[in-house]
Amino acid sequence: MSDVEGAAIPVEKSEAEEAAKPATSEEAAKPATSEEAVKPASSEEAVKPEKSEEAEPMTDEDPPAASEEAALEAAKTLSEETTQEAETEPAAESEAAAPEQTDTSQEPEPPVLPPPENTEVDETGTEPELSKIVSQDDHSELTAPVPEEAEKLAEADAVLVDSLPADLSHGLDSPPPVIKQANGVATMNVNVEKEDGTAETLFVTIKHELLSKPFVGGWRHKESGKEYHNCSVQTLPKRFFIEDTPKNCRETQTVTTKNIRSQTTSDTSTQMTKTGCWVSDRQDKVIIPGQYVTADEKFSYMLKQVIVLQSYFRRWKAQKYVNSIRQDHIRRIEWEKKEEERKRKEKERRLKVEYQRRMQPLTKEDFDLVYHALELWRREEIENINATKSGPERKAALAGLMDEETQLIASIQRHKLIAKQEVGKRSKRKFLEKCAAPKEWIGFDGMPTHMDTPYTMRAKDLKMTYESLEKRYLTREERLDILLQLKLTVKEHDCKLTKDIVELIDREADLLMRGTKESNLEGLRQRISSLFLQYIKTPLFNAEAANLLRVPEDPSSLRKNIYYCRGCGNYLPSTDFELTTNARSIGRCRKCKNLDSEGRLREDFSRYRSLLHSIRSTEESYNDGSKIIFLLTEADLRYLAENIWGAQSVLSQWEDTYDLTLVRWN
């Protein structure tokens, strides 16, 4: 086959084999005559085959020759035989068998071949149907020909001949173009006649590709055995260069899906009754047109309906908004009730706690509250005396007020001594519990783990001994057993402290054997308890005490962070001094400030302390790194509340400090 392929070219097996043989140099150089010009043949033009019993079937392993030169020689040979047979047939038979003729001035009439000897021609002049060859091994017999299909096939062949390219259909009577070989490149000049009647000569370069074109099937005449091969494409396949380096791309490994909606077309038709065609109208419906509606009327109707829809929608939206407001109002009322109840209970609890603190003060804050109440009472009495009395009566009233204040201060001091004893007992008990507490940590399962060490077990034994020593209302035998156990415990170490404890134990045991009253032994027992507590606090005898003592074991460490107090004249650690935000010097220690507050100022920061805790918890919840509120003290907050804001709310002028809170300025 040549490079220009566009139609099915009939080729016999024997002729194809002869044409596939390579031509000699003399035959290739011999010019072709006008009678040997290549002419296309239609599907009805059957070439009389030469029956050969040695013809091999077409297989996919032995496809027809694809060389361009062999295909050109086969086409020339076939054209010569077709022309000689066409001249011998009568003209009438040619007109009956030939399809629709075209204008000979533009395209020459294709030759008409006589039917084969073993083929019967029907009245229409058509040949039997062609059978389709799917593969070269397909030799099964097909069904009998159908005249309508034969006519369609003849028309298709005629159209195929008429639609040949201009470079093939032009000049069928003229000699073929001369192929020139130069430097291994084949070229030729082709005359092409355009549609407007002008001719043009094109310079064509023939590429001889060593590509074996595949066999893509064809058609075989059922009775004559003539075969028509389908043409394959001439475009070379795209070359893919495989590199040694492997490359992976996500786009090639990921399936990309896309959903597209499509609506297929549906063709329909109608049929009416007419001459020669009757259509039943039993199922027809008579449609009577109604009143004609103009565009303005339709728009006004739509507008009314839209207004109705909008009114219902706005009504529903308004009802929804009103219901939400009603629910918010109900929730607000319930919240206000709960908040009012909470404030009332909080106030009752605060008053109860404050009354308990005044009646039984224990801590420093409790005594500050008592002294502050005393100072308020003293100022109120002085104002009353100055307003009602003058002269000697005023002086006598002020003297009596001083005596009453002195008695109240003495009563407060007695309460302070009792509180100091109670606080001392509590601190001792807390110290012993911390020493005897086992080691605790969180395990891998999230549960706390406790472990007793030899040191904690030693501290637990000392704690139990001290608690038994502090018990009262025991018999003489029980007391002697406790003293004996204590003596055995302290005899493990030989030092001055243990010798003093053993001496006091022997003295109490001797007095108990003499029948001395317990009231006379109270001082001796107190000395034994104090010395044993000192024994427990010594790290040499109780290793756990080293982690809880304020005084370090190394005295040289006391030289660090030591400052001088201007009030009491003592050298104290930095933790005993209280610094304000505007302090420039160390000043006085806490004890001196407390003593000065009890004697002169008598200030109470309890309400500002609660306010400071509240604002610190609020600022901590913001988690924005703010630190200024943690540097303020109760005195600084009191200055802000009383001197800047007037000890009242900015919004409602409420003066109860317990109900107020501080907020950020921005």
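**Note on helix packing and selected residues**

1. Helix α10 meets helix α11 through Lys428, Leu432, Glu433, Cys435 and Ala436 on the α10 side and Thr456, Ala459, Lys460, Lys463 and Tyr466 on the α11 side, where a contact means heavy atoms within 4.5 Å. By class, the residues of this contact are five nonpolar, one polar and four charged; Ala, Val, Leu, Ile, Met, Phe, Trp, Tyr, Cys and Pro count as nonpolar, Asp, Glu, Lys and Arg as charged, and the others, Gly among them, as polar.

2. Please keep in mind that this is a predicted model, in which local features need pLDDT of at least 70 and side-chain atom pairs count only at pLDDT 80 or more, while totals for chains, interfaces and linings use all residues. Residues are numbered from 1 along each chain as its sequence is written, and side-chain values use heavy atoms, with hydrogens and water left out.

3. As for the whole, the protein has 17 helices and eleven strands, which are DSSP runs numbered from the N terminus (helices are H or I with at least four residues, strands are E with at least two). Of its 666 residues, 23% are buried, a word that stands for under 20% relative accessible area, with exposed being over 50% and partly exposed in between (1.4 Å probe, protein chains only). Among contacts between residues at least 6 apart in sequence, 61% join residues at least 24 apart.

4. How do the axes of α10 and α11 cross? They come within 7 Å of each other and cross at roughly 150°, the axes being lines fitted to C-alpha atoms, for helices over the stretch in contact, with angles from 0 to 180 degrees between N-to-C directions. That angle makes α10 roughly antiparallel to α11, since angles over 145 degrees count as roughly antiparallel, those under 35 as roughly parallel, 65 to 115 as roughly perpendicular and the rest as oblique.

5. From α11 the contact takes Arg458, Leu462, Thr465, Tyr466 and Leu469, and from α14 it takes Ile528, Ser529, Phe532, Leu533, Tyr535 and Ile536. In this contact there are eight nonpolar, two polar and one charged residues.

6. Within α11, which covers residues 454-469, we find Ser468. Ser468 counts as buried because its relative accessibility is 14%. Its side chain reaches the backbone oxygen of Thr465 at 2.7 Å, and, when residues up to four places away in sequence are not counted, Ser468 touches Leu474 and Ile482.

7. In helix α12 (residues 476-490) lies Lys487, whose side chain makes a polar contact with the side chain of Asp506 at 3.0 Å. A polar contact is a pair of N or O atoms within 3.5 Å; within protein, one must be able to donate a hydrogen and the other to accept it, and residues adjacent in sequence count only if both atoms are side-chain atoms. Leaving out residues up to four places away in sequence, Lys487 touches Val502, Ile505 and Asp506.

8. The side chain of His221 reaches the backbone nitrogen of Glu223 at 3.2 Å, and with the side chain of Ser224 it makes a polar contact of 2.9 Å.

9. Helix α15 (residues 590-601) spans only 15 Å between its end C-alpha atoms, whereas a straight helix of twelve residues would span 16 Å at 1.5 Å a residue; the expected span is 1.5 Å times one less than the number of residues. The buried residues of α15 are Cys592, Asp596, Ser597 and Glu598, and what covers them includes α9 (364-388) and α10 (392-436). After α15 comes Arg602, whose phi is positive, near 55°.

10. Lys593, also in α15, is partly exposed, with a relative accessible area of 28%. Apart from its neighbours within four places in sequence, Lys593 is in contact with Glu578 and Arg588, and a polar atom of its side chain lies 3.2 Å from the backbone oxygen of Glu578. Although Lys593 and Phe577 are 16 residues apart in sequence, their C-alpha atoms are 9.6 Å apart in space.
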